[in-house]
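I opened this notebook to record what I looked up in the structure. The entries run from the chain as a whole to single residues.

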Amino acid sequence: MNQQTEPKADFRVKIQRFGSHLSGMIMPNIGAFIAWGLITALFIPTGWIPNEDLAALVGPMITFLLPILIGFTGGRIVYDIRGGVVGATATMGVIVGADIPMFLGAMIMGPLGGYAIKKFDQLVDGKIKSGFEMLVNNFSAGIIGGILTLIAYKAIGPVVVALNKTLAAGVQAIVDANLLPLASIFIEPAKVLFLNNAINHGILSPIGIEEAASAGKSVLFLLESNPGPGLGILLAYMLFGKGMAKQSAPGAVIIHFLGGIHEIYFPYILMKPVLLLAAIAGGATGVATFLLFGVGLSAAPSPGSIFALMIMAPPGNHLGVLAGVIAAAAVSFLISALVLKTSKATEEDGLAEAAAKTSALKGKESHAASLVKTEEAPAVSTATPAEGLPSNVEKIIFACDAGMGSSAMGASILKNKAKKAALDVNISNTSISNLPADADVVITHKDLTDRAKAKLPNAYHISVENFLNSPKYDELMEQLKK
């Protein structure tokens, strides 16, 4: 039995890592995508404020700015700034060699550029004569970047264009056959298993951006971000749930629907896996409604909040988007209510267990799952801050995969504790790949500590099980006072 389940788990972890790499290139640049989406929604001929002069920004931004940012970020993830520069340079090869926005090409060339220059530096490490370091560093980056740019222009670019057009044609065929709602069969379970990044950022968003560049909108931006299915499930728990699940559902509704953190409803599904049917039916209903109204968004909403959806909706699309969200929530609610009302099992003690299962599926701390209020004792971590803590701590860093979610919330909590304790210490958050070399203390979830230690071995590392409720924070504050 174990031999059968372990390969499945390994495969899931590999897909999660792949999705994490993709989102690692996209998420830090979401601000630029939103800026492009707003400029598109405002100034194109069908926008809110049509302006031919300002609309001239749309083309260069999607053709050059966004792919280069992705390429730079991908290279930087592999080999810091030096890898980012080579990755961005190599990305120009696929940009110039194509007549479509090269997001997929940037996702290939960025990491490839970072990897190539990293391997070169490892090869010549310790072999460069004193005084020639800068010369070798500059010319090696230039030569490798130039070679990769030529390869990208002549070889990789055409392949990516063909792949991109094939994917786009496949999606269009599904749309033409009115089968797009069936995509929810894969998307909704993938969200609960945290496999959505590979689908969303790897396929849907790049193709959606190309459609939005020509049509001003794309329905693909609404497939994964629709908060309706999750809203329906949480509303059903509010009315027909039991115990802690029922009590915590109202707060989860606010975090999910208004805050856009969809992770919050995953534990509620894991308590009753049959609720996946509600999520799938709700998602399919929402997509069918979007298609019926012919609506879409001008750019990917991030996070998946109703506010983000409304901001990204072009003129004349708001009613259809709202209708799709409401329809998805209604169908999801009806099925969830039926499941909960006919269920004989109690969820009194199941929510905390489901939240823990959510983190296990994600392969790291799920900050949204930890927002679920339970009466359980705080998680206890294994690190002891008293041992080996630097005598003069000036910088404390919280680190997670993306450096945006759980680490930001943990840093905020510790800042408040440090302020109350009148301690003058710099506390911030970042991704593990961007850990600063001068960090004195690094705080990570226990599943990520090994990666953080490999990235920054000389820092003092603290492992926690819950970024939002760890006793290690108070212990650290006491040690810093001493």
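How much accessible surface does the protein chain have, and what share of it belongs to carbon and sulfur atoms? I noted about 22200 Å², with 63% belonging to carbon and sulfur atoms; accessible areas come from the Shrake-Rupley method with a 1.4 Å probe, and for residues only the protein chains shown count as cover.

I recorded the basis of the entries: this is a predicted model, in which local features need pLDDT of at least 70 and side-chain atom pairs count only at pLDDT 80 or more, while totals for chains, interfaces and linings use all residues. Residues are numbered from 1 along each chain as its sequence is written, and side-chain values use heavy atoms, with hydrogens and water left out.

Next I looked up the fold. I found 19 helices and four strands in the protein chain (DSSP runs numbered from the N terminus: helices H or I of at least four residues, strands E of at least two). Of its 482 residues, 50% count as buried (under 20% relative accessible area; exposed is over 50%, partly exposed in between, with a 1.4 Å probe and protein chains only).

I then turned to Tyr153, which lies in helix H6. Tyr153 counts as partly exposed because its relative accessibility is 37%. Beyond neighbours within four places in sequence, I listed Gly93, Val96, Gly97 and Pro158 as its contacts (heavy atoms within 4.5 Å). Gly93 is 60 residues from Tyr153 in sequence, yet their C-alpha atoms are 4.2 Å apart.

Lastly, I noted that Ile143 is also placed in helix H6, residues 133-176.
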